Amino acid sequence: MAIVLIGPPAAGKSKVGKKLAKLLGKDFIDTDAIIVRDHGAITDIFAEHGEPYFRRLERAAVLEALAQDAIISFGGGAVLDEHTQQDLKSHVVVLLDVDADSVEGRIKLDGKRPLVPDIESWKALVAARRPLYERLADRRVETANRPRDQIAQELAKWIHSGKEFAE
Ligand SMILES: Nc1ncnc2c1ncn2[C@@H]1O[C@H](COP(=O)(O)OP(=O)(O)OP(=O)(O)O)[C@@H](O)[C@H]1O
Ligand SMILES: O=C(O)C1=C[C@@H](O)[C@@H](O)[C@H](O)C1
Ligand SMILES: [Mg+2]
């Protein structure tokens, strides 16, 4: 069984996932990184082939990742796939959440997300996805104004306690 981090773009899934894996002594897998490894930069894939093609590559990356007993950070939209939604039922799913005001600075920093070039598009995209993120998650963690180390430690404690199986 894997521990899967889902949530809005720039919520901190990749950064926190890496730290959590280290704390738990598990492998870390990032579905965006699998796609980049096999197919090149995400912005290029979107520009050359469009979103539906990207989502097919993403579904393959999700399958590769979920086959392993690891900490897995999903790309922000990986949960849109209905097969992936079904698959997540047999894994521990954590929603890393963040509000628009707190994410604004993070988004501006890199400009690497083709679907969220600015904060207005982030808001619209996250509003549309929020019910899905919340439905799939076993636990929700607020990341605004909290250091990544603290978030990773809180999650590691929760996993160690075994409570994720009872809740
Ligand atoms: N708790 C935090 N506090 C402040 N900044 C953060 C925090 N978590 C992440 N960041 C910053 O936000 C940016 C996005 O983080 P990260 O890449 O981990 O997000 P993500 O959820 O994986 O996004 P994506 O959906 O695009 O993969 C990075 O610049 C990171 O340094
Ligand atoms: O939220 C999204 O749909 C995306 C988030 C990123 O992690 C990448 O997977 C890509 O930019 C798409
Ligand atoms: Mg990421």
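Student: Before we start, what counts as buried here?
Tutor: A residue is buried if 20 or more other C-beta atoms lie within 10 Å of its own, exposed if 12 or fewer, and partly exposed in between, with C-beta atoms placed from the backbone. By that rule, buried residues make up 34% of the 167 residues in the protein.

Student: OK, and what kind of model is this?
Tutor: This is a predicted model, where local features need pLDDT of at least 70, side-chain atom pairs count only at pLDDT 80 or more, and totals for chains, interfaces and linings use all residues. Residues are numbered from 1 along each chain as its sequence is written, while chains are lettered from A and ligands numbered from 1 in the order in which they are written.

Student: How many helices and strands are there?
Tutor: The protein has 8 helices and 5 strands, counted as DSSP runs numbered from the N terminus (helices are H or I, at least four residues; strands are E, at least two). Along the sequence the pattern reads β-α-β-α-α-α-β-α-β-α-α-β-α.

Student: New topic: what sits around ligand 1?
Tutor: Its shell has 17 residues, and the closest are Gly-12, Lys-13, Ser-14, Lys-15 and Gly-76. A residue is near a molecule if its C-beta atom, placed from the backbone, lies within 6 Å of it. Elements giving two or more residues to that shell are α1 (13-24) and α6 (100-110).

Student: Which element gives the most?
Tutor: That's α1, with 3 residues.

Student: And how does that shell divide by residue type?
Tutor: Into 4 nonpolar, 6 polar and 7 charged. Here Ala, Val, Leu, Ile, Met, Phe, Trp, Tyr, Cys and Pro count as nonpolar, Asp, Glu, Lys and Arg as charged, and the others, Gly among them, as polar.

Student: What about ligand 2, which residues surround it?
Tutor: Pro-9, Asp-32, Ile-42, Gly-75, Gly-76, Gly-77, Arg-113, Pro-114 and Leu-115. That shell divides into 4 nonpolar, 3 polar and 2 charged.

Student: Switching to packing, at what angle do α2 and α4 pack?
Tutor: Helix α2 (residues 31-39) and helix α4 (residues 51-66) pack at about 115°, with axes 9 Å apart. Axes are lines fitted to C-alpha atoms, for helices over the stretch in contact, and angles run from 0 to 180 degrees between N-to-C directions.

Student: Which residues of α2 meet α4?
Tutor: Thr-31, Ile-34, Ile-35 and His-39, and among their partners in α4 are Leu-57 and Ala-61. Contact means C-beta atoms, placed from the backbone, within 7 Å.

Conventions: Two residues are in contact if their C-beta atoms, placed from the backbone, lie within 7 Å.
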